[in-house]
Amino acid sequence: MSKRLAAGALLFILGFVTYQVGDSLIPKENQMMMELFSGLLPKDIPTETFGLLLQFGGGIAAILGLIVCLNSLGRPVVRIQPVAAGSPEASAAPEKQRCKFCGGTLELDSVFCPVCGRSQK
Ligand SMILES: [Zn+2]
């Protein structure tokens, strides 16, 4: 895993967690979270405002992290080696196909079925 992808993923997770914390501060139903974080909050800022700020900042951080992740994924680290002709993978490919109308066997490049004569394209 590239460092950029790891950093992006970390930023996304941190942003998401921050968003969740902020989200938990806004509704009054989650009393346990309120009490847990109320001691950490600055006293001069209302809890709801702080929650909104956390949601906002966390949301932006998560989006940025996601963008960094997607950017780093755009440049694949692992290069897929092309299958060389004559290798076991290449020769394992089926050389025959079935007619989609009658089920007769025909060559892969056949346009018309030799059994029923219908076009395969
Ligand atoms: Zn056929």
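**Helices α1 and α3 in a predicted model**

Reader: In which kind of crossing does α1 pass α3, left-handed or right-handed?
Author: The model is predicted, and the handedness is read from how the near helix is turned relative to the far one. The crossing in which α1 passes α3 is left-handed.

Reader: How are α1 and α3 oriented to each other, roughly parallel or roughly antiparallel?
Author: Two packed helices are described by the angle between their axes and the distance between the axes. Here the axes of α1 and α3 come within 6 Å and cross at roughly 160 degrees. Angles over 145 degrees count as roughly antiparallel. The two helices, α1 and α3, are therefore roughly antiparallel.

Reader: How many residues of the contact of α1 with α3 are nonpolar?
Author: The residues of this contact divide into three groups, with 12 of them polar and 3 charged. The remaining group, the nonpolar residues, numbers 21.

Reader: Against which helix do the buried residues of α3 pack?
Author: In α3, the buried residues are G51, L54, G58, A61, A62 and G65. An α-helix has 3.6 residues a turn, so residues three or four places apart point the same way. The buried residues of α3 pack against residues 3–25, which form helix α1.

Reader: Which residues of α1 are buried?
Author: A residue is buried if 20 or more other C-beta atoms lie within 10 Å of its own. In α1, the buried residues are G8, G15, T18, G22 and L25.

Reader: Is G65 buried or exposed?
Author: G65 is found in helix α3, which covers residues 47–74. The cut-off for a buried residue is 20 or more other C-beta atoms within 10 Å. G65 has 20 such atoms, and it is therefore buried.

Reader: What distance separates the C-alpha atoms of G65 and F12?
Author: Leaving aside its neighbours within four places in sequence, G65 is in contact with G8, A9, L11, F12 and G15. G65 and F12 are 53 residues apart along the chain.

Reader: What distance lies between the end C-alpha atoms of α3?
Author: α3 has 28 residues, and at 1.5 Å a residue it should span 40 Å. The distance between its end C-alpha atoms agrees with this, at 40 Å.

Reader: How far does α1 reach from its first C-alpha to its last?
Author: α1 has 23 residues, for which 33 Å is expected at 1.5 Å a residue. The reach from its first C-alpha to its last is close to that, at 33 Å.

Reader: Is L108 buried or exposed?
Author: L108 is found in the segment after β2 and, leaving aside its neighbours within four places in sequence, is in contact with E95, K96 and Q97. L108 has 10 other C-beta atoms within 10 Å, whereas 12 or fewer count as exposed. L108 is therefore exposed.

Reader: Which pattern does the protein chain follow along the sequence?
Author: Its secondary structure comes to 4 helices and 2 strands. Read along the sequence, these follow the pattern α-α-α-α-β-β.

Key: Residues numbered from 1 in each chain as written. Predicted model: local features only at pLDDT ≥ 70, side-chain atom pairs only at ≥ 80, totals over all residues. Contact = placed C-beta atoms within 7 Å. Expected span 1.5 Å × (residues − 1). Axes fitted to C-alpha atoms, helices over the stretch in contact; angles between N-to-C directions. Parallel < 35°, antiparallel > 145°, perpendicular 65-115°, else oblique. Nonpolar A, V, L, I, M, F, W, Y, C, P; charged D, E, K, R; others polar.
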